[in-house]
Amino acid sequence: MPSTENRPQFPRRAVITGGMPYGNKNLHFGHIGGVFVPADFFARFLRDRIGPENVIFVSGTDCYGSPIAEGYRKRVEAGYEGTIEDYVRANHDAQKAALDAYGISLDLFAGSGLPPAKDVHARLSTELIGRLHERGYLHRRTTRQFYDVEAGTFLNGRQVVGRCPVRGCKSEKAYADECDLGHQFDPEELIAPVSQLTGTTPELRPVDNWYFDLPAFRDELERLMDEWDADPQVRAVVTKTVRESLVDPVIYVQTKFREAYDAVADRLPAHTLTEAEGGQQSFSLTFAGWEERDAAREVLEAGGVRFRTGKCLLPLRITGNIEWGVPAPELDGAGGLTVWVWPESLWAPISFTQTVLAGAEEGRYSSADWHDWWCSEDARVYQFIGQDNIYFYCVAQPAMWEALGWGLTQDVPVANYHILFMNKKASSSGKIAPPMAAELLDHYTPEQLRAHWLSLGLDQKAVSFNPKAFDTSVSHKDKATGEDVLTRDDPRVVDPALKESAFLTNIFNRLARSCFYGAANVCEGHLPAVAPSEQAVEAAREATLAFERRAYEFDAHGALGVAEEFARAANKRWDEASKAARGDDAAYEAALADAFVALRTTALLMHPAVPAGCERICEHMGFSPREFFDWEHALEGPLELAAARGETPEAHAIVPLPPRFDFFEKHPSQVKGR
């Protein structure tokens, strides 16, 4: 039995962030279902749990960088006449419309290059980069950058495509200095680079940029991983992925190049040779640091030795020469640079928080000082990300926060596994195009999809989204004739995306209608005047505490499982008790009292997942959302909520329910005859 003494501890204030989508496209189902719905679930839960004035939920369009510049270039080639700002604004507006359609309750969905956050973000970028430089953690390095001779221009990011050089990487696509799985490398390591401007092989030419000394923070990151290992809110995939980079730099050389290696071995920096074992095809060279490894690369390349590198901490590039970016401050006479999009997206949520607070009405939030949200011991920042972004948010960002010396608290990363489509990885730039978030709403309601995505268990593994409406493979061949006898339009074919909807449209709806229609018939339109049974109260208490624990641990699948199991049991008790009480109004009212306790608890627990329907239940029960969903009174029933108002049950009127009313509706396409 859950104990109130062991309830999880929540912060006084909290910031929730959702990963920022690039400003070159609209949102597909993976953006919404894999990141924003889980983030919204937790944000709504925290608003109910610690108060809406203590929660800020922000995200925004990643406006800058090569993906946007390249997308805009292609649009212009196709005849687009707007500016790049127009291009980004149109995509931002489409993204916000999709988020609104799914009920994502952001306090601000901003744009790093759009008002009102643009100037705030630019100021913070200048301040932050200057601070890192002042504290000695920025170093100017001359590195080589891809240059397209035919186009006469340097290439950035996604303007170059090749294969990832990191040993063991299974990425389908790699760009100038990172692959689509988040591995970092130097441009000269990219295998088989091709310019996306001309299709030619680009040259490498020297450029100067500023780099953050990420390798200097290996010890701090090791200590943080030990802390995260003991934190039930941090998933194991995070620390496992981070620790893959907290190792000494390694070069792997195929055994067939052993003689070529031996010929240059004495010219390499000090290293440890580990021979190939157990059928391995490569031996390894381990170095003390990345600089020694890079020096060895030059020697090996000159000696004709082919090799691949392993993961390790490398200096993080902060600036670049792409025109479409946040202007970088001039440092030590080096000017005309812009900030690389990845680092500035790490501190963008701080810019967005500052923007929210600056534009808020007095008293809307418990503090108007952003430091109280990002630097206070009694505040937490929860960042919802995809697993392929762990390197930036869980390696680069913690080190950068430490380097700044501003007292920034280390965030709680909530990394979800990929949400697949029809059992395959889909992406806007890949071979399998995912359905856009907006087009799914032609077949499903937002609450049906929210409940389904939250139940997938993306905290545990990659799971596939298989909506029947988009499954072209749904059919069954008759063994005798070989003809298709079932298609996706056949009602006998079950839609996996509607598994959770059956609970909403049947069990939850039935429990709510039973309460309100029953109260109208037996209680003259007010709350039942009799106290609920101890069994009903205890069942509600146990479910509430179990849900709270699972929500605290970001286990939305488990939390919704608790709510559904509780509601199904309560609905069964109601069916049995109401049938037994036919003709006995007193017994029927007692059964209603238990049902109302169950309804209020179910609506409280399901509110973060399916808010619209739960808020309609709140409205018809005659309470304000702040009263009804406040977790300060989570273990109290409707009678106690009414008493807190100074009302007796007979004085607390219920809002009448129209005939055949549904709190959770099916999509029109799912209703027979439409």
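Salt bridges, each defined as a side-chain nitrogen of Lys or Arg within 4 Å of a carboxyl oxygen of Asp or Glu, number 32 by this rule. The structure is a predicted model, in which local features need pLDDT of at least 70 and side-chain atom pairs count only at pLDDT 80 or more, while totals for chains, interfaces and linings use all residues. Residues are numbered from 1 along each chain as its sequence is written, and side-chain values use heavy atoms, with hydrogens and water left out.

One of these salt bridges joins the side chains of Glu-244 and Lys-311, with an N to O distance of 2.6 Å. Because Glu-244 lies in the loop between helix 6 (236-243) and strand 9 (250-254), and Lys-311 in the loop between strand 12 (307-309) and strand 13 (316-317), the pair ties together parts that are 67 residues apart in sequence. Helices (H or I, at least four residues) and strands (E, at least two) are here DSSP runs, numbered from the N terminus. Glu-244 is partly exposed at 29% relative accessibility, and Lys-311 is likewise partly exposed at 28%, where this term covers the range between buried (under 20% relative accessible area) and exposed (over 50%), computed with a 1.4 Å probe on protein chains only.

A salt bridge also links Arg-258 to Asp-262, their closest N and O atoms being 3.0 Å apart; the two residues are four apart in helix 7 (residues 258-264), and are therefore separated by about one helical turn. Arg-258 has a relative accessible area of 25%, and Asp-262 one of 42%.

Finally, Glu-188, Glu-189, Arg-293, Asp-294 and Arg-297 are linked in a network of salt bridges.
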